[in-house]
Amino acid sequence: MAANWAERISAFSRRPSGFLSGTTAEAFLAELLRELRDDRATYSVKILLLSPLCEHPTLLCCSDSVGEETALELMSVFAQCPPKSVQFRCHLLLALTSVLICTSCVKSHSRASLDFLDVLLQIAQDTSDIHTDGSQRPLRAIACECLRELEACCPGLLSQRLELLGGLWQQETSRLHQAYAELYTLVLRNAIYQLTQETGAGAEHLKALLGGNTSAAWEADQESGLASSKDSAILSSLILGPMGTVPTLHTGPDCKELRSVLSTLLDESYLLTPLCQATLLHRLTEVVAMVPGVPPAIFRTHLLRLLGTSEVSLLHATLLLKCAFTDSLFSSEDEAFILKRLVVLSQHLLLSTPEKLFYMDCILHFPENRPISCGDGDETLPVLLTPQLASALVPTVFNDSATLLARFNMLSLVYLEEGEEGQGGQGLAYLYEHLSSLLSMVENGCGRELVVTFFRAAFLFLYYFCHVERYSNDLTKQLCQLYLNHTKLAPHFINLADQTQDRLSESSWSVGLLKALQRVITEAPLTQLTSHDLSRHLKMLARVAEEGEIIQQSTLTFLSSIITPSSSSLCTGGDWRLGNEILRVCRHLLVHPSLDSLLTPLADVLQLLVCHYADMEIQDHARLYYTLLTTLSREKLAGVLAQGMEEGGRQDKKQSLSCLIGEGLTSTLTIQQTERAVFRLIEAPPEPRAGDINSNEVQKGPEEASASMEAYRDQFSDSSFASEITLQYQLVHINSHDSHFDQLFSIRLHFSLTDHHYEELGDISVPCLLRERPSAIVQLTLKPRKPYPTSLHASAIFTSPDGHTWHTTLPDIHVAFQQTFLPLPVPSNWGRGGTLSVFEGLWDEICSESGDSAMSLFCCQLKEAALNTLVEKHFLPFLISDASHKEEFKVLFFLPPRSHILLKVSSEEDAVHFNIATDNWELLSHINSYLLKITSL
Amino acid sequence: MTVRGLWIISHENGGNLSIRFSRRFSTVEHRAKSLAGSSYVAVPEESTFLQLLLTELGLSDSGKNYVALRDDCLYRPRSPALELHVDGPAKGILWPVLTVSQGPLILACLPLVDVPPDPRPPLASLLSVSQGLTLLAGLQTFLLGSGSKPDSEGLGSRLAMVPSVLLQVCPLGTPLDVPLPGTPTAPTSVGTQKQPAWKTGLHRGRAVVNVGLIETVRSMQYGNRSRQDLWDVYGTVTCKCEVEGVLPNVTVTLSLPPNGSPLQDILVHPCVTSLDSSILTASSVDNYDGSAFSGPYKFPFSPPLEPFRLCSYTSEVPVPPILGSYQLKEEENQLRVSVTLKLHESIKNSFEFCNAHLPFFNRDQMGVVDMKVSSGQLDVSKEKNLLVWVLGQKFPKSREVTMEGKINFSGPTPGPSDPLCTKLTAYVKLHFKVPDMTLSGCYVDQHSVQVYSSAKPRIVTSRELQSKEYYIWNSTGTAPVSSGQMMM
């Protein structure tokens with residue numbers, strides 16, 4: 001079982017949605033809790049069982065009340081767990097924290113959350129083990145961490161306990177003092193934040209807060225403050241840079257108490273791990289920013305140690321300190337020093353690449369004492385970053401891609417600022433030289449990563465320096481050479497042309513590049529041209545043909561020379577793909593502004609294709625173009641092709657086949673995806689059952705009980721017998737009013753399974769769905785392998801009145817457990833006697849067998865009338881005993897393919913007993929939740 | 001200052017990448033939801049996350065030449081913080097996903113954005129980013145060891161320990177510490193002095209302080225008037241202190257010879273208690289100021305139990321320890337090779353080892369190798385694409401060695417290729433180690449190590465010089481530009 005749990009828990013955490021579609025959240029949760037209470041399970045398994053509650057509490061506890069109940073259960077497990085199972089108790093605390101926070105129980109101060117808070121505070125104060133072995137120390141550490149998380153998620157929760165927490169922090173001498181310090185600082189920060197929100201709060205209130213003797217009046221305020229602080233402002237960092245504002249508490253210069261607390265915290269911060277030091281420093285930065293009465297100089301004695309550190313988080317916290325206090329704590333020399341330090345760290349040999357990149361990011365968002373721009377998140381160079389300083393960060397061919405590009409970007413910014421004269425010019429020359437060396441590496445056939453890096457570097461260079469013609473022209477030349485030697489880079493070239501055109505709208509570099517590429521392609525000798533090269537050339541030429549400014553004569557000459565039968569074997573080969581690529585170029589030429597001058601050569605090319613291309617479809621297509629070209633006026637031609645161009649042009653990233661062929665007809669030939677679901681399947685109301693067993697009293701089954709069982713069993717020799725369930729659904733519009741989809745035709749529904757419990761389903765056709773008509777009924781026939789609840793994914797293809805074909809996804813269909821129930825499948829002429837004897841026969845078998853069979857008892861409180869209604873409403877079709885026989889109802893659910901659940905329902909003194917017998921124990925959890933549901937309604 | 005989730009991904013044997021461990025912190029996710037409001041993007045399920053991450057790292061569809069999503073030139077991977085473009089009903093951009101990778105491992109985490117999400121805040125405003133990086137780096141060291149060569153042998157067993165490690169260092173998404181090498185020993189402090197949280201226990205027994213100073217020299221030599229040769233030196237001081245007490249004081253002092261150039265870019269371990277401002281002033285990106293402070297450099301600290309890097313520095317030295325020249329000439333079917341190496345007179349002529357490697361790329365395997373060396377011995381590698389010149393422990397009295405001769409590339413199969421080293425672009429790479437010396441002259445005097453404790457400690461100091469990335473480029477070919485410092 002233990003191994004099984006490991007597997008199931010890992011399946012759950014890999015894909016919770018998939019896992020829960022095979023069972024229900026309630027059932028799984030119930031299983032987890034049951035196993036947690038089971039004494040036979042080992043603690044290592046139990047720890048595993050807690051992980052779904054820690055990671056996905058809201059998936060398992062669908063409502064706050066379930067969360068509350070679950071928490072109470074876990075607390076009782078905690079109370080019963082022996083103190084020596086420290087690890088398990090730690091995990092229990094974590095799970096409780098997760099459940100209570102995520103289900104909002106803490107926010108609403110539920111009973112469980114208040115109890116839990118007490119438990120945590122008790123553990124945090126319990127230092128009884130200090131003179132023994134310290135074995136409970138990990139539990140105390142976790143309790144503090146849970147308290148900190150509770151306070152972080154519900155700020156102000158512990159404000160009233162500030163003095164207590166301060167005392168704990170000061171007394172603790174073991175390593176645990178760190179946990180108390182972190183907790184105390186956070187509570188202090190939140191409490192002061194809340195004070196800033198109170199009107200009229202001042203020095204007195206602050207003093208009271210720290211002393212713990214909060215006045216009653218303020219306590220009342222506090223409560224209201226808690227309730228009203230719904231907004232997330234208190235959760236977020238208060239250090240936001242030059243544009244951020246910090247709420248302040250006006251105390252006057254007298255805040256001795258706070259100052260002394262802060263000094264002690266700062267002095268002891270050295271004893272914390274660097275990560276906790278950084279957090280503490282940040283929290284204290286926020287506190288001092290909120291209380292102007294405390295001067296930022298309080299941090300000064302710690303600055304040198306922090307600025308010299310090799311720890312990234314400590315230096316980062318120091319930068320945030322600078323961001324908060326600028327020149328009230330840092331002189332301009334300090335500023336120059338910090339910037340130099342960042343440059344050094346950005347290229348320091350002993351640091352990891354991610355750290356170095358992070359420091360470079362810090363340079364581009366440097367918190368200057370006197371910023372010029374408002375720091376709206378864009379990258380800006382700090383004024384003090386001179387070219388001389390930045391030269392330490394020039395990119396080199398030995399850098400990894402990310403570093404290379406980050407450096408290339410930063411240096412480009414630096415040299416752009418300097419202009420082309422002097423240092424800027426030299427720097428620019430260096431960058432270009434660097435780009436050239438990357439290019440020559442690409443030329444030498446480097447790996448894919450370097451190719452991508454080169455094109456990104458080229459884009460960056462052009463983005464900043466496109467206007468410097470001596471470089472941009474030379475780059476064009478080098479790129480053309482590169483293309484001829486490496487035509488497989490065509491998609492990269494097209495991408496570069498596209499992006500430079502989009503981003504540098506005022507520059508004509510992109511057109512220049514395409515023009516140059518057209519020249520090299522059309523002028524290169526055809527003799528060595530492979531079909532791969534040709535295919536890439538045609539792609540390039542199609543892109544070139546999109547540019548109205550580029551003269552297309554040479555393209556046409558090229559096309560005609562590659563398809564002239566005398567000079568090339570392309571036509572006789574009749575390659576379908578190449579044919580399409582040629583047609584694609586032609587299509588762009590058909591809408592080219594200079595079409596008038598292209599008319600004759602283009603017509604010739606199309607004619608050649610019509611007559612000589614050895615592929616029928618290409619011929620047909622060429623004929624269509626030829627006809628369009630020769631019969632339509634330019635305006636009409638443009639009109640016909642315009643729509644296709646918009647969708648099939650370069651904006652369209654997915655070059656579907658139909659785009660290549662369909663041209664103006666694209667939209668009618670392709671299947672389009674709807675943005676949201678258009679219709680869905682809902683369960684149809686049950687039809688009144690015609691004749692049930694009761695009306696057939698006169699007929700009878702086999703005489704003896706054993707004979708009935710045998711006859712009943714015999715039926716299953718046909719494997720298709722009673723193996724299917726049929727569910728009725730209505731296909732209805734989803735109520736978003738999109739008149740476009742009011743009338744839908746030829747709907748074909750496709751279903752796919754989410755688990756292995758059912759056989760695959762066939763497609764279902766529905767002729768039409770009209771909004772004004774009654775909805776269509778769809779019968780879904782499911783063939784279970786195992787009769788468990790499931791979900792089905794559904795999608796559909798349909799036609800809208802304008803002739804377009806659409807693909808849409810429907811909301812998932814959930815098949816509930818009770819939908820898999822069938823009445824006992826006995827021949828229709830059997831009377832009650834026969835079915836009753838099958839019931840008794842099965843019951844006896846289940847009682848005597850072990851194997852897969854199982855018995856169970858479900859009890860609940862129900863009045864007699866309520867029970868009758870329940871039977872009437874839910875059990876009638878499955879009732880075996882006489883409905884008037886109210887002492888004991890016998891109910892039998894048959895679940896295809898072979899499972900039975902038998903119920904004997906009787907009212908006892910204290911409760912209604914549902915005696916359950918089944919030949920498939922795995923169904924017990926499902927029937928249990930089903931009964932729970934119907935009896936609690 | 002928290003992370004929403006953590007993922008550990010590794011290459012399996014077939015090269016497939018899979019998620020070996022993941023952890024979501026539900027309470028942090030709860031905060032993320034209320035902080036981000038309408039722009040909240042949920043963390044997708046494992047398989048989706050993996051696929052999006054690999055696309056972003058350029059590792060997806062490795063068989064395809066060009067994939068628009070992966071290879072767009074507009075996109076600059078702003079590593080270390082990636083964006084994942086989540087599709088489907090919970091559409092949006094998941095940011096900032098931090099990643100670090102080494103050897104067979106990729107580690108990722110998603111820090112909480114605790115400032116207003118629109119417009120996107122700079123990374124520098126999120127403290128959780130640097131903390132996330134520290135956590136990832138710590139986990140990486142825990143899983144692979146800190147050596148240069150990742151130890152993937154025990155990876156499986158260490159992965160199994162990750163849940164219990166996280167219980168200590170990051171139970172609820174707030175990183176508290178990095179995984180420590182040993183398990184905490186039983187705490188023994190019951191005094192009034194607080195025990196540092198980074199100290200896992202107390203030392204009992206004889207006091208021993210071990211201070212090791214290693215300097216590393218890198219060089220790019222071009223043998224070309226138009227291109228200035230480059231070299232740099234950096235040093236690290238590693239300590240292992242076994243000293244009694246909760247918070248014992250130790251001071252280590254670095255000293256320079258009388259006219260030594262100042263130590264620059266000093267970075268210190270967080271256990272250093274205080275620093276003098278003069279120690280931090282010298283920087284390698286500054287103009288050299290003759291009046292700069294040049295020691296002694298005092299580092300007072302209270303040591304952790306395990307070995308740690310007390311500080312690191314860089315230094316500007318006037319000459320490289322070994323000056324080389326490398327010339328290749330293409331002659332019909334063979335290559336004429338000439339190498340000269342000169343050991344500078346200030347360097348102690350006593351190596352632990354000294355080897356020169358001459359790799360040849362983009363050529364066939366070597367056939368006839370007709371070479372003469374004035375000292376040491378010459379080996380041809382098994383793959384026949386590399387010459388190894390073993391110089392041994394000493395240069396000859398003249399402090400100069402040469403290698404002359406011809407190589408014929410007539411082997412039956414082509415050797416390895418390299419995009420950089422084509423035609424005459426080639427290098428000699430030196431590997432050497434000199435015990436008991438530093439280039440900067442920096443040293444730790446045994447008597448300058450002060451330990452304030454009752455028992456007299458045993459103090460051991462050592463120093464050594466080693467090479468790393470020490471290249472001598474062929475002066476007749478085009479050498480790649482390695483650094484821009486020469487241009488200004």
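Let's start with Ala25(A), which counts as buried because its relative accessibility is 10%, where buried means under 20% relative accessible area, exposed means over 50% and partly exposed lies in between, with a 1.4 Å probe and protein chains only. A word on what you're looking at: this is a predicted model, in which local features need pLDDT of at least 70 and side-chain atom pairs count only at pLDDT 80 or more, while totals for chains, interfaces and linings use all residues. Residues are numbered from 1 along each chain as its sequence is written, chains are lettered from A and ligands numbered from 1 in the order in which they are written, and side-chain values use heavy atoms, with hydrogens and water left out.

Back to our alanine. Ala25(A) sits in helix H3 of chain A, residues 25-37; helices (H or I, at least four residues) and strands (E, at least two) are DSSP runs, numbered from the N terminus. Leaving aside residues up to four places away in sequence, Ala25(A) touches Leu20(A), Leu59(A), Leu60(A) and Cys62(A), contact being heavy atoms within 4.5 Å. From Ala25(A) to Glu845(A) is 820 residues in sequence and 32 Å in space, C-alpha to C-alpha.

An automatic or database assignment gives the domain bounds, and chain B is divided into domain 1 (2-173), domain 2 (208-317 + 440-464) and domain 3 (322-436). The C-alpha centres of domains 1 and 2 of chain B lie 35 Å apart.

Please find His203(B), in the loop between helix H5 (155-169) and strand E6 (208-221) of chain B. Is His203(B) buried or exposed? His203(B) counts as buried, because its relative accessibility is 15%. Its side chain reaches the backbone oxygen of Arg206(B) at 3.1 Å. Beyond four places away in sequence, His203(B) touches Glu242(B), Val243(B), Glu244(B) and Leu305(B).

Finally, how do the two chains meet? In all, 119 residues of chain A are in contact with 113 residues of chain B. Between them the chains bury about 10,000 Å², 62% of it on carbon and sulfur atoms; buried area is the accessible area (1.4 Å probe) that two parts lose on being put together, summed over both. There are 4 salt bridges between chain A and chain B, each a side-chain nitrogen of Lys or Arg within 4 Å of a carboxyl oxygen of Asp or Glu. Asp286(B) forms a salt bridge with Lys340(A), with the closest N and O atoms 2.7 Å apart. Thanks, everyone!

Methods:
Polar contact = N/O pair within 3.5 Å; in protein donor to acceptor, adjacent residues only side chain to side chain.
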